Amino acid sequence: MTATSVQAEKAALPGVFHVWLGGALVSQLGDAALYFALGWAASAHGGLAAAWVLSAVALPRTVLLLLGGAVGDRLGARQVMIVGDAVMLVVAVALAVVSGAVGTPLVMLVIAALVVGTNDAFYLPSAGSMPRRLVEPKLLPRAVALRQSGTQLVGMIGPPLGGALVAFAGLSAAAWIDATTFAVVLVVLMMVRPRFTPPSPGQRKHILREVGEGIRVVVKTAGLGPVLLLVAGAAGFVLPFTSLLIPLLARGHGWSSAGAGFVVGAQSVGTIVAALIISRRGILARPGMVAACALAMVAVGQLIVGFAPSIPVALAGGLVTGTASGVFVGHLSPLLLSAAPDTHLARVQAILSVIQSVTLLATNNIIGSVANAFGPRAGAVLCSAVLLTCAATGLASRPIRRISRPA
């Protein structure tokens, strides 16, 4: 280990990053609670109505992400986030007032979902680029890992919080809580000044040309394309395992919903622990190789869960899956930010999100069809086989193998 890497491990993350991250996580918690509350309120209108509301979030978010990334690079991530939070503060207050007065008509839920999805398309790429704008390159892996652990924790707490709020006080309460979190993060963003801002382009181009430039940068930047493809492949066969296959496996074994929840929780705990360790110690010297090996361990964990004879064995498999996933994401995510040019940070984050969304759209249906035709264990085998193939491809890829830790 070099003296530089030792100093990077000992150096403290800047206070401005902690301030921003605290505000961002508070806002994410409110969003997670409101998202669950919207889905719950929509389910009162029937399954098709609930699907409409959730799709009204996902569709504009996916379609507009590339445009949102270009806007973030053109106007500045902080400015885009301030506008986005201000818009959502108004929307959350309006949703709270209207739902408190007239209940939860379906048209209101769909309109709110469309606004949330559209706002996300512009907000998420800018938010994803903020660690690079707030910390030194040598501290970026730790900063990204700390954000990852916080996001995982919010993902565990948010839905139960939304359920409790809806149960005791209805959608209006969840919307008021979300409005409060947007007010908090607005104050935080007013205080935060990014230490590293992209240079202003000498001449503005048409926004669609700037979108195209982002795609060209991903293709031409050494190592960036293979990393994006590896992350996309992993997302396509890791995320559906949690949301789709674990419930099916639990039902097949005759386990309760609580048992399935414990397995998912074990996976989340493993991810959080791995992320916290990376946030404290940093990443290893050859992050590409480490990430590929971690992906292979994810596949092993999935097989353990898929063929577990009892819940304790499934819990162990979930812990392996989550820990390895945390190591994989913790080693590759900062590399995406490090490799992207300063002028294209938000666009690279947007392209990553689009690739993941499109991949998930396909793999959710593929895995679900396999599970329906041959059983959930076959779905687990499919996920493991694809992840092992991705891991082997990563280890065989010279750009992946040669990736080194940021200096």
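Visitor: Which residues does Thr-363 touch, not counting those up to four places away in sequence?

Guide: Thr-363 touches Gly-236, Phe-237, Pro-240 and Gly-368, where contact means that heavy atoms lie within 4.5 Å. This is a predicted model, in which local features need pLDDT of at least 70 and side-chain atom pairs count only at pLDDT 80 or more, while totals for chains, interfaces and linings use all residues. Residues are numbered from 1 along each chain as its sequence is written, and side-chain values use heavy atoms, with hydrogens and water left out.

Visitor: Why does Thr-363 count as buried?

Guide: A residue is called buried under 20% relative accessible area, exposed over 50%, and partly exposed in between, using a 1.4 Å probe and protein chains only. Thr-363 has a relative accessibility of 4%, so it counts as buried.

Visitor: What makes Ala-362 partly exposed?

Guide: The relative accessibility of Ala-362 is 39%, and therefore Ala-362 counts as partly exposed. Ala-362 has its place in helix H13, as does Thr-363, in a helix that covers residues 345–374. The C-alpha atoms of Ala-362 and Gly-236 are separated by 8.1 Å, although the two residues are 126 apart along the chain.

Visitor: How do you know whether Asn-372 is buried or exposed?

Guide: The value for Asn-372 is 71% relative accessibility, so Asn-372 counts as exposed. Asn-372 also lies in helix H13, and its C-alpha atom is 22 Å from that of Ala-50, a residue 322 places away along the chain.

Visitor: What makes Phe-168 buried or exposed?

Guide: Phe-168 has a relative accessible area of 78%, and is therefore exposed. Phe-168 sits in helix H6, which runs over residues 140–169. Between Phe-168 and Pro-334 there are 41 Å in space, C-alpha to C-alpha, and the two are 166 residues apart in sequence.

Visitor: Where is Asp-31, and why is Asp-31 called partly exposed?

Guide: Asp-31 has its place in helix H2, residues 15–43, and is called partly exposed because its relative accessible area is 30%. Leaving aside neighbours within four places in sequence, Asp-31 is in contact with Asp-178 and Phe-182. From Asp-31 to Leu-165, 134 residues apart along the chain, the C-alpha atoms are separated by 13 Å.

Visitor: How many helices and strands does the protein chain have?

Guide: The protein chain has 15 helices and zero strands; helices (H or I, at least four residues) and strands (E, at least two) are DSSP runs, numbered from the N terminus.

Visitor: What makes the protein chain as compact as a globular protein of that length?

Guide: The radius of gyration is taken over C-alpha atoms, and the globule rule is 2.2 Å times the number of residues to the power 0.38. For 407 residues the rule gives 22 Å, and the radius of gyration of the protein chain is 21 Å, close to that value, so the chain is as compact as a globular protein of that length. Along its principal axes the C-alpha trace spans about 60 × 55 × 40 Å, and buried residues make up 50% of the 407 residues. Among contacts between residues at least 6 apart in sequence, 88% join residues at least 24 apart.

Visitor: How do you know whether Cys-383 and Cys-390 form a bond?

Guide: A disulfide is a covalent bond between the sulfur atoms of two cysteines. Here it is counted for a pair of cysteine sulfur atoms within 2.5 Å, and a search of the whole structure finds zero disulfides. The cysteine sulfur closest to that of Cys-383 belongs to Cys-390 and is 11 Å away, which is too far for a bond.

Visitor: Why is Cys-383 called buried, and what makes Cys-390 buried?

Guide: Cys-383 is called buried because its relative accessible area is 0%, and Cys-390, with a relative accessible area of 15%, is therefore buried too.
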